[in-house]
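Please look over the sequence and the structure before reading on.

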Amino acid sequence: MLNLDRLRTLSAVARHGSVSAAADGLHVTTSAVSQQIAKLERETGQQLLAKNGRGVRLTDAGRLLADHAGRILSQVELAQAELEAHRGQAVGELRLGAFPTAARGLFPAALAALRAEHPQLRARLREMEPDESVRGVVRGDTDLAVVLDWYNRPLSLPEGLAKAPLLDDPADVAMPSAHPLARRQSVELEEFADDEWISWPQGEFCHEWLMFTLRSKGIEPRIAHMAEEHHTQLALIAAGLGVAVAPRLGRGPVPEGVSVVPVRHTMRRHVYAIWRADADRRPSIRAAVGALRMAGKSMEGC
């Protein structure tokens with residue numbers, strides 16, 4: 001009899017490409033992964049992993065079993081979803097992912113509501129960027145993720161995922177209070193053509209969006225600094241080191257020395273929840289989406 005936990009471990013190694021990455025995805029140690037694979041090899045009487053330089057690769061038998069494992073685990077998840085739906089209660093564990101400002105702006109209220117209304121549901125949150133969230137949901141490492149796209153740059157989703165809109169998040173321009181445009185009622189991005197910008201790190205979805213948006217308006221961006229956290233970006237702006245796009249979700253108090261001015265042609269991020277379609281009937285998914293929508297509704301107009 002093949003053990004599901006060991007099949008899940010082998011599937012994680014196949015998806016992630018290494019023992020250490022599989023351990024990170026499963027939230028266990030590398031030694032725990034190695035032990036599970038060793039037990040699975042003894043159970044099957046086959047070598048499943050082979051050394052490949054400083055890493056490992058799946059053997060032919062390993063790839064064969066990993067392919068079956070993916071299908072088996074999908075069927076198990078579908079069965080669990082059906083059973084949970086039959087019971088009609090949000091129970092068990094729910095693995096959640098969210099980009100940082102959603103984790104800060106939406107999840108404290110949403111998680112508190114889930115705990116109060118569904119005490120048998122164990123929700124676990126992990127911060128991650130949208131692209132990583134999508135991969136996690138597809139792989140099955142994450143049950144539900146909150147992701148975003150921009151009004152002019154949609155995020156493509158693979159087949160097999162369901163989604164629900166949570167809120168639209170307007171974005172302003174943050175600038176030093178001494179900036180010539182700081183006292184304006186509204187601004188246009190073109191007015192910052194000569195400014196230095198503070199951006200998200202290169203390779204992140206929002207950084208690529210900023211480059212695309214500024215260039216579409218005839219501005220060749222001059223990126224002075226990169227920072228992932230919005231609070232860090234605002235601190236750099238307070239020191240007079242540049243301007244930045246500042247979404248409102250999870251922003252918190254604006255520090256002294258920073259002025260935030262709306263853009264005349266409103267820039268918005270679309271924020272929504274995604275999950276695997278085969279888990280669509282799980283009451284825990286529906287409960288989480290409902291809690292996040294209520295948290296999002298309380299943010300609108302802030």
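What volume does the largest cavity have? The largest cavity has a volume of about 110 Å³, and it should be read with the caution that the model is predicted. A search of the whole structure finds two cavities of 30 Å³ or more, and the second largest cavity holds about 40 Å³ of space.

**Largest cavity**

- The residues lining the largest cavity are Phe 99, Pro 100, Thr 101, Glu 129, Leu 148, Trp 200, Glu 204, Cys 206, Glu 228, Glu 229, His 230 and Arg 269.
- Sorted by class, this lining of the largest cavity consists of five nonpolar, two polar and five charged residues.
- Domain 2 (91-166 + 270-301) and domain 3 (168-268) each contribute at least three residues to the lining of the largest cavity.

**Second largest cavity**

- Around the second largest cavity, the lining is made up of Ala 174, His 230, Gln 233, Leu 234, Ile 237, Ala 244, Val 245, Ala 246, Pro 247 and Arg 251, and the elements that give two or more residues to this lining are helix 9 (230-238) and strand 9 (244-247).
- The lining of the second largest cavity divides into seven nonpolar residues, two polar residues and one charged residue.

**Largest pocket**

- The largest pocket contains about 740 Å³ of space, and of the 27 residues that line it, those closest to its centre are Arg 8, Glu 77, Arg 95, Gly 140 and Arg 276.
- At least two lining residues of the largest pocket come from each of helix 1 (4-16), helix 2 (19-26), helix 4 (60-87), strand 3 and helix 7 (130-139), with helix 4 giving the largest share, seven residues.
- The lining of the largest pocket comprises six nonpolar, eight polar and 13 charged residues, and at least three residues are drawn from each of domain 1 (4-83) and domain 2 (91-166 + 270-301).

- Six strands form an open sheet with mixed pairing, in the order 4-3-5-10-6-9.
- Strand 4 (121-127) and strand 9 stand at the edges with a single partner strand each, so one side of each has no neighbour in the sheet.
- From one strand to the next, the twist averages 30°.
- Strand 3 (residues 92-98) and strand 4 run parallel and are joined by seven bridges, and Ala 98 stands opposite Glu 127 in strand 4.

Terms used:
Residues are numbered from 1 along each chain as its sequence is written. This is a predicted model: local features need pLDDT of at least 70, side-chain atom pairs count only at pLDDT 80 or more; totals for chains, interfaces and linings use all residues. Side-chain values use heavy atoms; hydrogens and water are left out. On a 1 Å grid over the protein atoms alone, a cavity is a set of points where a 1.4 Å probe fits but cannot get out, and a pocket is an open set with protein on both sides within 12 Å along at least five of seven lines; lining residues have an atom within 4 Å of a point. Grid points are joined across faces, edges and corners, and a volume is the space filled by probe spheres set on the points. Ala, Val, Leu, Ile, Met, Phe, Trp, Tyr, Cys and Pro count as nonpolar, Asp, Glu, Lys and Arg as charged, and the others, Gly among them, as polar. Domain bounds come from an automatic or database domain assignment. Helices (H or I, at least four residues) and strands (E, at least two) are DSSP runs, numbered from the N terminus. Two strands pair if DSSP finds at least two bridges between them. Axes are lines fitted to C-alpha atoms, for helices over the stretch in contact, and angles run from 0 to 180 degrees between N-to-C directions.
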